[in-house]
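Open the model in your viewer and keep the selection tool at hand. The tour goes from one selection to the next and says what is there.

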Amino acid sequence: MIKPHWQQIIAQAKLQSYYCQLQEDIAQQRAQGITIFPEKKDVFRAFEFCDLAEVKVVILGQDPYHGVGKGDYCYQPQAHGLAFSVTSHIKVPPSLVNIYKELSTDIDGFNTPTHGNLTSWAKQGVLLLNTVLTVQQGKAHSHAKLGWERFTDDIIAQINQHNTGCVFILWGAHAQKKGRNIDESKHLVLNGPHPSPLSAYRGFFGCQHFSSANAWLSQNGKQEINWQKL
């Protein structure tokens, strides 16, 4: 279930014309037989595990995975509502492979998981948020400019204003653009290249964002994230 403060924010968004148009556009596409990821029940999954005040780390992605992966019995959507995450029986995507590679050099004793389900990070206070929350199957960025960016701008603004202090991890130009108005006297902002194979070697590897996040949390009296707990 979506946490209470997020429910209020989503309810306020539903009153705005841009959001109504956004949902109408998506509904029309679904009615036309276009496959949209993630499944409808998972679109707001990122908001089910920690409420606004409980967020310790925000990891910002672009849009959901637009492909399918082979599960135990059938092909399933890679996307399940958490940025960079896939369900446990889906092959780990390349960007997450690179995230694990960075973790293995950044966090002492980190053992690379055999799956890509990051739900346990979310339960610890990591908001795994994409800037756009839906996508057409096989068409990356197909729901960019529909209106999700305005919605997630508001989510970030709410965290910036009302959270007592957290770490924003912004990988790639899309995410970094979102971070321009974050109060760095209150929050820690970590910028770096996107972990995709196209850009990971341009400075993502070696960025040490995970250990830096934990050091800042500890210095500010907050419990560190157990990145190994997956």
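How many bridges pair β2 and β5, and in which sense? Five bridges join β2 and β5, and the sense is parallel. Two strands count as paired if DSSP finds at least two bridges between them. Strands (E, at least two residues) and helices (H or I, at least four) are DSSP runs, numbered from the N terminus.

Before going on, note that this is a predicted model, in which local features need pLDDT of at least 70 and side-chain atom pairs count only at pLDDT 80 or more, while totals for chains, interfaces and linings use all residues. Residues are numbered from 1 along each chain as its sequence is written, and side-chain values use heavy atoms, with hydrogens and water left out.

**The sheet**

Select β5, β2, β7 and β8, in that order. These four strands form an open sheet with parallel pairing. β5 (126–130) and β8 are the edge strands, each pairing on one side only. On average, neighbouring strands of this sheet are turned by 15° against each other, direction ignored. Angles run from 0 to 180 degrees between N-to-C directions, and axes are lines fitted to C-alpha atoms, for helices over the stretch in contact.

Now select β2 (57–61). Five of the five residues of β2 are buried; buried means under 20% relative accessible area, exposed over 50%, and partly exposed in between (1.4 Å probe, protein chains only). In a regular strand the side chains alternate between the two faces of the sheet. In β2, Val57, Ile59 and Gly61 are buried on one side, and Val58 and Leu60 are buried on the other.

Pick Gly61 and look across to β5: the bridge partner there is Asn130. Then pick Val58 and look towards β7, where the bridge partner is Phe168. β2 and β7 run parallel and are joined by four bridges.

**Helix α7**

Select residues 209–219, which make up helix α7. Which residues of α7 are buried? They are His209, Phe210, Ala213, Asn214, Trp216 and Leu217. Seen down the axis of α7, these residues fall within an arc of 165°, so they line one face of the helix. The arc is that of the directions from the helix axis to the C-beta atoms.

To see what covers the buried residues of α7, show elements including β2, α3 (94–106), α4 (119–123), β7 (167–171) and β8 (188–192). Just after α7, select Gly221, which takes a positive phi of about 75°.

**α3 against α7**

Two packed helices are described by the angle between their axes and the distance between the axes. The axes of α3 and α7 cross at roughly 60° and come within 8 Å. That makes α3 oblique to α7: angles under 35 degrees count as roughly parallel, over 145 as roughly antiparallel, 65 to 115 as roughly perpendicular and the rest as oblique. On the α3 side, Ile99, Glu102, Leu103 and Asp106 make the contact, and on the α7 side His209, Phe210 and Ser211 do. Contact means heavy atoms within 4.5 Å.

**Two last selections**

Go to Ser199, in the loop between β8 and α7. Ser199 is buried, with a relative accessible area of 11%. Leaving out residues up to four places away in sequence, Ser199 touches Pro193 and His194.

Finish at Gln28 in helix α2 (residues 17–31). Is Gln28 buried or partly exposed? Gln28 is partly exposed, with a relative accessible area of 40%.
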